[in-house]
Amino acid sequence: MRSTVAAPPPLALLLLFFVLYISSFFNVGVAAGGDSTAAGENPFTPKGYLIRYWKKQISNDLPKPEFLLSKASPLNAAQFAAFSKLAADQNSLSTQLPEFCAKADLLCFPDLTPSLEKHSSDVNFATYRNKNFTNYGTGRPGGVDAFSGYSEGENLPIDSFRRYSRDGVGHNEKFTGYATEANVADQSFNSYGTAATGGGGEFTKYNSEVNVPNLRFTAYSDSTTGHSQSFTEYTNQANAGDEKFTSYGKKSVGATNEFAGYGKDSNVMGSTFNNYGEKGDAANDTFTSYGTNTNNPQNNFRNYGTLGSSATESFKGYREQANVGDDNFDSYGKNSNAGKIDFVNYGKSFNEGTDKFTGYGKKGDSSNSSPTVDFKVYGVNNTFKEYAKEGAATFSTYENKTSSAQEEASLAAVNGRKVNKWVVEPGKFFREAMLKTGTVMPMPDIRDKMPKRSFLPRAIVSKLPFSTSKLAELKKIFHAGDDADSSMAKMLTDALHECERAPSPGETKRCVASIEDMIDFATTVLGRNVVVRTTANTAGHGGDILLGEVKGVNGGKVTRSVSCHQSLYPYLLYYCHSVPKVRVYEADILDPNTKSKINHGVAICHLDTSSWSPGHGSFVLLGSGPGKIEVCHWIFENDMTWAVAD
C-alpha cells in the first residue's frame, strides 16, 4: 500500500506558532496574587525587560509595585534600540537631545535662539514663553513694555534678556505675575538696562510659587542715571533655588532699588550679590521683609556698595522669623564715602542662623569718610572682622544670647505670633505611640515637589558619564552651555556632588539611575525576599487625619530598611541608603469627619537617633534630643522604603 507523506505546514503558520510561543514565554498574565502589571507588555521594551529582571532577582511572588514600575522608561522597543545605539556615541545623542528628552520623559530645557525683533511702540507680552530677547528696546525713548502673566504655570520656562532696554531714556519695564507657579524656572538678564536714563523696572509677583527658580542678573542696570528697580513679592513661596546679582547697578548715579517681600515664605533660597552698586553715586537700596519666614536662606553680599559715594542702604525686617540660614557680608560698603547703612530688626530669626561681616564699612584712604552703620534690634550668632574700625557703627538692642527653637516656639505662641512653618510643620515628625487606631493627628505636606521624569533603562544609562570628572561631557550632552550658574549645570553638579559625598558613619548609600540598579542595591542590603512600599497618595495633607487599622511590618519587629529619595537630575535619579534599627508601619488613613478611607500610609520609626543633630526639626517639634527618643515620619509621595517581606 502506498504511503502518503504529510505536506509541510505553510510558512505563515510556522511564524504564527513562533509568535505565540514567544508571547507565552515573555508575557505574564494575571498572577494568583493579583499581579496584572505585566499583562500585554512588549518583551523588548524597557518595562518588559524590567519585569523579567524583577522576577529573576526578587524571590517572592507578591504583586509587583505599580507605583515603581510606572516610573520605568516609556520608550517603545524601536526607540529603545535606537537610543541605546546613540548613547554609545555621545555627540550623536547630544544632537538628538530634544527628541530623546521628549520620548524618554526627561527633564531638559529648550534651546533658545536669539530674537532680534524690534518694537518702536509699547508692547504687552501676555502669552510669550521660552524667548530670547536680544538687543530688544535699545535706545527706546519713553514708553512701557509689560510682561504680564508671562510664562505662567509653565513646567520649564527658560527666558533670556540680553542688552534689553540698553541706552533707553525714560523707558519703563513691568514684570507682573511673571513665570508664577512654574516648576523649574531659568531666567537670565544680561546687560539689562545698561546706560539707561530715568525710567524703571518693576518686578511684581515675579517667580511666585516656583518650585526650583534659578535667576541671574548680570551687569544689570550698570551705568544708569536715575533708573529705579523694584522687586515686590519676588520669588515668594518658592521651594529651592538661587538668585544671583552680579555687577548690579555698577557705576550708576541716583539709582533706587527696592526689594520688598523678597523670598518670603520660601524654602532654602540662595541669593548672591556680587559687586552690587559698586562705584555708585547716591544710590538708595531698600530691603524690606527680605527673606521673612524662610527656611535656611543663604544670602551672600560680596563687594556690595564698594567705592560708592553717599549711598543709603536699608535692611528692615531682614530674615525675620526665618529658620536658621546664613548671611555673609564680605567687603560690604568698603572704601565707600559718607554712606548710611541701617539694619532694623535684622536677623531676628525664629531659629538663629549665622551672620558674618568681613571688611564691612571699612574705611579706605584718608580722603574717604566712613559710612554710618546703625543696627537696631539685631539678632545673634554674628562675627565682625575688620568692621568699621573708625567707630561709625552703633548697635541698639543687640541680642547676644541664643534661645532654642523650642523656646522661640513657646514665646511665639504666648505672644500670638505665627510659628515658623519650616521649623515645626505639624505632623512632620511624631512619636511611635501615635501609630494606633483612633489617633487624630496632623498630616504634613507630603506632596512631591520634583518635576515629573522617568528612569532611563540600564542599557542606556550605563553608557552615559556620571561623575564630576566627566561634568564637561555631561554638560555637552544635556546642552548646559558655558554658564556654570545655569539651571542644567547646577542640577548636574549638585546631584553628582551629593552622590559622591562620603557616607555618614554606619550608612550604606548609592545613587541609582535605573530600577534595575535600585533592585540590586536593595537586595544586596536586605536579601532577595523584599518588598517596596510608599504612601498611596497625598490625600489628607495639610489637615488632620484619623488612623484606621495600623499594621507593623514584619510583625512590628525591629528591622532595617532601604529608603530611597529623589534627586533633581535630567532623568529619574534616586539617593538610596540603608537605615538600621527601624520599625515600619502601614496604616489606613481616614477622613476624621466622615470616617471614610482616603489614603494608605507608610511610616518609618527611627529607633536610634543618637547621631542626629540637636537642632534637627524632629527635636524642635517633639521637644527632646539625640538618642533620647525614637522619631517617626510618613514616607512622602514618590519616596519609598524597602524591607524584608512578611
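At 1.5 Å a residue, the 12 residues of α2 should span 16 Å, and the end C-alpha atoms of α2 are 16 Å apart, which agrees; the expected span is 1.5 Å times one less than the number of residues. Helices (DSSP runs of H or I, at least four residues) and strands (E, at least two) are numbered from the N terminus.

The model is predicted: local features need pLDDT of at least 70, side-chain atom pairs count only at pLDDT 80 or more, and totals for chains, interfaces and linings use all residues. Residues are numbered from 1 along each chain as its sequence is written, and side-chain values use heavy atoms, leaving out hydrogens and water.

Helix α2 (residues 46-57) packs with helix α11 (residues 515-526) at an angle of about 10°, their axes (lines fitted to C-alpha atoms over the stretch in contact, with angles from 0 to 180 degrees between N-to-C directions) lying 10 Å apart. The two are therefore roughly parallel, a term for angles under 35 degrees. Contact means heavy atoms within 4.5 Å.

| Helix | Residues in the contact |
|---|---|
| α2 | Tyr49, Leu50, Tyr53, Trp54, Gln57 |
| α11 | Ile515, Glu516, Ile519, Asp520, Thr523 |

Buried residues (under 20% relative accessible area, 1.4 Å probe, protein chains only) of α2 include Leu50, Tyr53 and Trp54. Their cover includes α4, α8 and α11.

How values were computed: Angles under 35 degrees count as roughly parallel, over 145 as roughly antiparallel, 65 to 115 as roughly perpendicular and the rest as oblique. Buried means under 20% relative accessible area, exposed over 50%, partly exposed in between (1.4 Å probe, protein chains only).
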